[in-house]
Amino acid sequence: MEAFDIIIIGGGPAGYTAALYGARAGRSVLLLEKLAPGGQMGTTDLIDNYPGFPQGVKGFQLAMDMKAGAERFGAQTKLEAVTALELAGDVKTVHTKKDGYEARAVILATGAQPRELGLPQERALRGRGVSYCATCDGMFYRGKDVAIIGGGNTAVADALYLSKLCGRVYLIHRRDKLRAPDSQRVLLEQAGNVEFLWNSRAEELLYAERLTGLKTVRVDTGESRTLDCAGVFVAVGQVPETSLLAGQVELDEAGYVVAGENCQTNLPGVFAAGDLRQKPLRQIITAAADGAVAAQMAEEFLQRERT
Ligand code: NAP
């Protein structure tokens, strides 16, 4: 079985930053990615909130550049889906569809996906009116009417953010009370252009070439309503990609890896970086920061192991 100092699972900004730092420290590094480099970043059109790019940067380009930067120092990428992990021992084994690999340190960087509503055409309309990230895409809806689905902190933060950019902002929540603190509701009321649709769910996405509106239904009365809007922002939580870790690595009740700012999991030599880790803000820059910390912690772990 081929052996490396560090194996990184996941090729988003956390994974490739960890690969860069690990390889620059002189370690042999394998990064395993199941699809294409970049993760959620790779499928984002224009990224305006990653510093250093005054005109913004294409998500795909940034992904390829992060990959190239890590590979310049010798990190290897293999596009292979991981199927099983053995993380408890001193030597960790990573099984993929094709092969198996060993390392003394593993960095988990598989990320999280926004939860979908499950409506017909939702995937087809992604990037054409349906978005899962207000801070990424909000500016494309400047002056236009938009709807946000959800009642948690993300939905509220999105609504506040979009209320400053957009025309009318509809906040659609399935209950009559936000999951977010009530103080947030007051802020939204003060914004002046936010309308709450309580006890309501999104029923149907309306579209021509791109999204044109949304049909909602009240869960208590069955009454339906059609909203004209250019964008629907889905903020109904995230789903961390941690199914392979269950039973080995400690996860919280939502499935996120329990690991503090040093990215250390409950298992020695196993680190978690990026969106799959418990954290207050999931952005490219926070994922990249985790990648740097996790690689540094892995390096220190490997040095301690040797002595
Ligand atoms: P969340 O807290 O899990 O809230 C998800 C919201 O979506 C809930 O209001 C939920 O409704 C609703 N929802 C879930 N599934 C739905 C579905 N299928 N259809 C319609 N609505 C659905 O997720 P989040 O807002 O993304 O926050 C994730 C974590 O990050 C939380 O711990 C949050 O506090 C934290 N966060 C913190 C901040 C901050 O500034 N402190 C900012 C963002 C996120 P119910 O309420 O009825 O369950």
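This is a predicted model: local features need pLDDT of at least 70, side-chain atom pairs count only at pLDDT 80 or more; totals for chains, interfaces and linings use all residues.
**Exercise 1. Placing Tyr-161**

In which helix is the place of Tyr-161?

Solution. 
- Step 1: Tyr-161 belongs to helix α5, which spans residues 153-163.
- Step 2: The relative accessible area of Tyr-161 is 33%. Buried requires a value under 20% and exposed one over 50%, so Tyr-161 is partly exposed.
- Step 3: Leaving aside residues up to four places away in sequence, Tyr-161 is in contact with Ala-134, Thr-135 and Gly-138.
- Step 4: From Tyr-161 to Met-139 there are 22 residues in sequence, and the C-alpha to C-alpha distance is 9.8 Å.

**Exercise 2. The buried residues of α5**

Which residues are buried in helix α5, and what covers them?

Solution. 
- Step 1: The buried residues of α5 are Ala-155, Val-156, Asp-158, Ala-159, Leu-160, Leu-162 and Ser-163.
- Step 2: An α-helix makes one turn in 3.6 residues, so residues three or four places apart point the same way.
- Step 3: The cover over the buried residues of α5 includes the helices α4 and α6 (182-191), together with the strands β11, β12 (169-172), β13 (194-197) and β17.

**Exercise 3. Aromatic pairs**

How many aromatic pairs does a search of the whole structure find? Work through two of them.

Solution. 
- Step 1: The search finds five aromatic pairs.
- Step 2: One of them joins Tyr-141 and Phe-233, with 5.3 Å centre to centre and 80 degrees between the planes, an edge-to-face arrangement.
- Step 3: This pair links distant parts of the chain, 92 residues apart: Tyr-141 sits in the loop between α4 (134-137) and β11 (146-149), and Phe-233 in strand β17 (residues 231-234). Both Tyr-141 and Phe-233 are buried.
- Step 4: Another pair is Phe-196 with Trp-198. Their ring centres are 4.8 Å apart and their planes meet at 5 degrees; planes under 30 degrees apart count as stacked, so this pair is stacked.
- Step 5: Phe-196 has 17% relative accessibility and is therefore buried, whereas Trp-198, at 22%, is partly exposed.

**Exercise 4. The second largest pocket**

Which element gives the largest share of the lining of the second largest pocket? Give the volume and the lining as well.

Solution. 
- Step 1: The volume of the second largest pocket is about 160 Å³.
- Step 2: Its lining consists of Tyr-16, Thr-17, Leu-20, Tyr-50, Phe-53, Leu-62, Asp-65, Met-66, Gly-69, Ala-70 and Ala-288.
- Step 3: The largest share, five residues, comes from α3.
- Step 4: By class, the lining has eight nonpolar residues, two polar and one charged.

Terms used:
Residues are numbered from 1 along each chain as its sequence is written. Side-chain values use heavy atoms; hydrogens and water are left out. On a 1 Å grid over the protein atoms alone, a cavity is a set of points where a 1.4 Å probe fits but cannot get out, and a pocket is an open set with protein on both sides within 12 Å along at least five of seven lines; lining residues have an atom within 4 Å of a point. Grid points are joined across faces, edges and corners, and a volume is the space filled by probe spheres set on the points. Helices (H or I, at least four residues) and strands (E, at least two) are DSSP runs, numbered from the N terminus. Ala, Val, Leu, Ile, Met, Phe, Trp, Tyr, Cys and Pro count as nonpolar, Asp, Glu, Lys and Arg as charged, and the others, Gly among them, as polar. Rings of Phe, Tyr and Trp (its six-membered ring) pair if their centres lie within 6.5 Å; planes under 30 degrees apart count as stacked, over 60 as edge-to-face and the rest as tilted. Buried means under 20% relative accessible area, exposed over 50%, partly exposed in between (1.4 Å probe, protein chains only). Contact means heavy atoms within 4.5 Å.
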